[in-house]
Amino acid sequence: MGGKPAKLRSEVIDELVRTTPFTEQEVHEWYHGFLKDCPAGQLTIDDFQRIYTTFFPYGDAKPFARYVFRAFDKNGDGIMEFREFLTTLSIISRGKLEEKLKWAFSVYDLDGDGFISRGEMTDVIKSIYLLLGSVVKMPESDATPEQRTNRVFELMDKDRDYRISLEEFLEGVQADPDVLQLLKLDTMTLGVSATTGSHEHNNNVDPVMPPQQQPPQPTGKGAATT
């Protein structure tokens, strides 16, 4: 990872302007911010976990950061290039609700088979509990990741086949606001938008974070809506 990173190629800039909501100037600004945290021009899982740990200092952020990193790393090579970073971030920060939910589904779908099993959901929710640490006390009905997983499956697994399809996920989240809280999607998007020198943040502020740890809210162009 040594050496000075190359200047962002014009074809990459053109592609990102064409495929994301960002302007050419914004692409350059994001690249500048990306290089501040990733001087080599790429992000490893260790780098990503370090950033998450800084933003969520009250628990163990590494397991959850690993799951989120996998959803960014589209080609599975263990390295997050700037193109992968900005393409995914464009969905999280400015995408439509359905696009954001599809990305969230990919975080929970650990083996990429198009379904979320009970085991997968339990593993991700367990990592969220570890991430939040002792900052928040869960209600008795959600005292364990297994209990929360059971509640989610009761609401979303309509055909009772012990797995959640993308269609069930999209319908369940949009039909029942409680599911958003059960899945902690606010924590997921907040953590991502706070990484790598972000100058733009998701407006789903996590209510469990202390005020001094909350990121600044977006203003003007690019403020996300859900």
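**Overall fold and salt bridges of the predicted model**

The protein chain is built from 11 helices and four strands. The structure described here is a predicted model, and the values below were computed from its atoms. Of the 226 residues in the protein chain, 48% count as buried. Contacts across the sequence are well represented: among contacts in the protein chain with a separation of 6 or more, 60% come from residues 24 or more positions apart. The accessible surface of the protein chain amounts to about 11000 Å², and carbon and sulfur atoms contribute 52% of that area.

UniProt, in an unreviewed entry, lists the feature "domain: EF-hand" at residues 60–95, 96–131 and 144–179. Two of these spans can be described in terms of their secondary structure. Residues 60–95 are 67% helix and 8% strand, with 29 Å between the C-alpha atoms at the two ends.

Attention now turns to charged side chains. The structure holds seven salt bridges. One of them joins the side chains of E15 and R83, with an N to O distance of 2.7 Å. This pair ties together distant parts of the chain, as E15 sits in helix α1 (residues 10–19) and R83 in helix α5 (residues 82–94), 68 residues apart.

Which residues are linked with D142 in a network of salt bridges? The network consists of D142, R148 and R151. In the contact between R148 and D142, the closest N and O atoms are 3.3 Å apart, and both of these residues are buried. The side chains of D142 and R151 also meet in a salt bridge, with 2.7 Å from N to O. Is D142 buried or exposed? With a relative accessibility of 3%, D142 falls under the 20% limit and so counts as buried. R151, by contrast, counts as partly exposed because its relative accessibility is 30%. The network of D142, R148 and R151 thus brings together two buried residues, R148 and D142, and the partly exposed R151.

Conventions:
Residues numbered from 1 in each chain as written. Predicted model: local features only at pLDDT ≥ 70, side-chain atom pairs only at ≥ 80, totals over all residues. Heavy atoms only, no water. Buried < 20%, exposed > 50% of the residue type's maximum accessible area, 1.4 Å probe, protein only. Contact = heavy atoms within 4.5 Å. Areas by Shrake-Rupley, 256 points an atom, 1.4 Å probe, with all protein chains shown as cover. Salt bridge = Lys/Arg side-chain N within 4 Å of Asp/Glu carboxyl O. UniProt positions renumbered as here; feature names shortened; annotations may be inferred.
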